[in-house]
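The following paragraphs guide the reader through a predicted model.

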Amino acid sequence: MAAARARGRAGTDAQLMGMMRVDVNEVLLPGVGLRYEFVNRDGDRVGIVARRSGDFELMVYTAEDPDEARPVLRFTSEEADTVAEILGAPRIAERFADLTREVPGLSAGQIQIDPGSPYADRVLGDTRARTRTGASIVAVVRGEEVIASPGPAQLLRPGDVLVVVGTREGIAGLQHIVQD
Amino acid sequence: MHTPTALLLELGIILAALSGLGALARRFALSPVPLYLVAGLALGEGGIAPVPAAREFVDTGAAIGVILLLLVLGLEFTVREFTAGLRRHRASAAVDLVLNAAPGAAAGWLLGLDTVGTMALAGATYVSSSGIVARLLGDLRRLGNRETPAVLSLLVVEDFAMAGFLPLLAVMAAGGTWWQALLAVVVAITAVAGAVTGSYRWGHHVGRVLSPPDPEQLLLRLFGVTLVIAALAELIHVSAAVGAFLIGLSLTGEAAERARDVLAPLRDLFAAVFFLALGMSVDPTDLVPMLPAAVALAVVGAATKLATGWYAGGRDRIGRRGRLRAGTALIARGEFSVVIIGLAGSADQRLGALVTAYVMLLAVCGPVLTRLAPTRPTAIPRRHANSSGSPTIE
């Protein structure tokens with residue numbers, strides 16, 4: 001069920017972040033789906049309706065009539081996935097940083113592949129990152145796209161950002177290797 | 001095999017005409033149900049264009065239409081939503097029942113209908129059309145409004161109440177005595193409770209048996225089992241519709257979602273045929289004398305639903321405008337009122353005519369009134385200068 005799927009997605013997000021940073025209110029809409037509601041920093045009350053069909057609807061509540069939603073946008077489930085990816089991409093590294101804070105000795109870092117890097121336009125396996133430094137490359141961020149758990153055959157391009165998890169020394173070592 | 005040319009031709013023309021009417025209704029964001037009923041009136045006895053060859057198919061199709069309507073309704077139902085709705089909106093649901101069944105019962109008494117007729121009329125005025133209302137709220141982009149959960153909860157409770165009401169009515173209409181009717185209701189309620197707990201505990205087993213991976217298999221098996229159960233239910237006078245509703249209830253989660261997907265087109269076809277058949281069964285010459293009564297009943301029915309919405313909204317601490325929106329949203333009556341009359345229709349010719357006119361009036365006026373309900377504040381005060389990032393209408 002789409003509503004359940006939406007709820008599941010919110011749940012894993014909360015786990016990934018370690019905690020929900022925003023207090024989200026959940027209201028059941030029988031036969032239709034679920035409504036999520038929260039107040040942003042500007043004080044706008046934001047509503048998101050997740051329909052059973054998989055569609056989403058985004059709305060704001062005005063101060064003049066708090067009962068009435070002012071419709072903003074509607075998303076099909078594919079569009080909603082795209083929006084979630086766009087909004088989520090730059091924050092992936094941040095979330096890993098949160099995650100590693102809970103494991104002593106483990107840290108996360110971001111390493112950019114510069115155009116002059118020896119590994120630009122080569123595959124990830126060529127860096128032999130794990131063997132040489134013990135650090136793991138858990139994701140490659142390319143613009144708005146996130147390649148999670150990249151394999152050794154993953155091609156690296158100039159401008160890519162590697163999300164790395166490992167010891168502080170291991171990450172520094174990998175940075176040295178990649179940016180040398 | 002002999003090809004029934006006349007049947008194919010008539011049926012084809014009818015369906016094409018219904019499609020045209022449906023498109024017209026959707027253009028004005030209205031439900032096509034009243035137009036289907038009008039089409040039925042025109043094609044039925046005493047109508048302008050009788051269709052003798054298609055008649056038999058339409059009558060059979062109508063029986064299947066009711067079963068599919070209830071099956072899909074059962075599939076959409078979840079225990080969590082029902083219990084949550086009942087817990088929060090118990091008082092509103094009671095007010096809904098009392099306020100809206102009363103006008104029908106009173107009208108039945110005033111018209112001198114028998115017990116079955118009076119009960120059927122009370123049921124027809126009580127139940128809002130969940131199909132029309134849910135769709136309308138989505139179209140008007142009001143799903144996010146704060147009064148909407150109360151409205152949707154009332155609809156779910158009403159639909160569930162029908163599971164008890166339909167067998168009662170079916171037995172009474174079949175000429176059963178009070179204790180037989182009561183027994184039927186007990187059987188139906190037990191079966192519903194059994195189906196609900198069953199789906200709760202062993203839902204995955206039921207789902208596995210009734211929901212094979214292949215869509216074609218799924219359609220044939222589910223449809224076949226439903227027809228058998230519906231027939232058995234009818235045999236013990238519990239109404240085929242309730243049997244179908246039970247099958248719908250016993251499927252949950254992913255199985256229900258898949259079943260909804262494969263059944264939707266079939267339901268659309270046969271439900272249209274059902275509304276058509278109901279229109280056909282009413283003689284337009286019977287309809288005209290019932291019009292004043294239907295108009296009066298529609299006015300009262302709209303007012304009582306408005307009061308129900310006002311009360312339900314008030315309990316959720318909704319403002320004046322939101323309470324009016326909730327009330328107007330509930331006005332539309334539709335498929336269930338028609339199903340009820342389909343069960344009891346043979347009792348009295350006037351009943352079918354009255355309810356057909358009543359549903360046609362409210363299925364059109366309800367959505368129009370909902371549209372007119374106050375939405376935007378009359379004057380929008382300017383917001384603070386520092387909140388420039390938020391959308392405002394100047």
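Across the interface of chain B and chain A, 11 residue pairs are in polar contact, with both residues of each pair at pLDDT 80 or more. On the side of chain B that touches chain A, the elements giving two or more residues are α4 (79-111), α7 (148-173), α11 (253-281) and α13 (320-329) of chain B. Of these, α7(B) supplies the largest share, 5 residues.

Salt bridges between chain B and chain A number 4. In one salt bridge, A:E68 is joined to B:R325, and the closest N and O atoms lie 4.0 Å apart.

The extent of the interface may be considered next. Chain B contributes 33 residues to the contact and chain A contributes 32. Together the two chains bury about 3,100 Å², of which 48% is on carbon and sulfur atoms. Within chain B, the residues that lose the most area to chain A are B:R141, B:L143 and B:R146, which together account for 25% of what that side buries.

Attention now passes to the strands of chain A. Strand β2 (residues 33-39) of chain A runs antiparallel to strand β3 (residues 45-51) of chain A, and 7 bridges join them. In this pairing A:Y36 stands opposite A:I48 of β3(A). The two strands form a hairpin with 5 residues between them, and A:G43 in the turn has a positive phi of about 90°.

On to the next pairing: β3(A) is joined by 6 bridges to strand β4 (residues 56-61) of chain A, again in antiparallel fashion. Here A:V49 faces A:E57 in β4(A). The hairpin of β3(A) and β4(A) has 4 residues between its strands, and A:G54 adopts a positive phi near 100°.

Terms used
Residues are numbered from 1 along each chain as its sequence is written. Chains are lettered from A and ligands numbered from 1 in the order in which they are written. This is a predicted model: local features need pLDDT of at least 70, side-chain atom pairs count only at pLDDT 80 or more; totals for chains, interfaces and linings use all residues. Side-chain values use heavy atoms; hydrogens and water are left out. Two strands pair if DSSP finds at least two bridges between them. Contact means heavy atoms within 4.5 Å. Buried area is the accessible area (1.4 Å probe) that two parts lose on being put together, summed over both. A salt bridge is a side-chain nitrogen of Lys or Arg within 4 Å of a carboxyl oxygen of Asp or Glu. A polar contact is a pair of N or O atoms within 3.5 Å; within protein, one must be able to donate a hydrogen and the other to accept it, and residues adjacent in sequence count only if both atoms are side-chain atoms.
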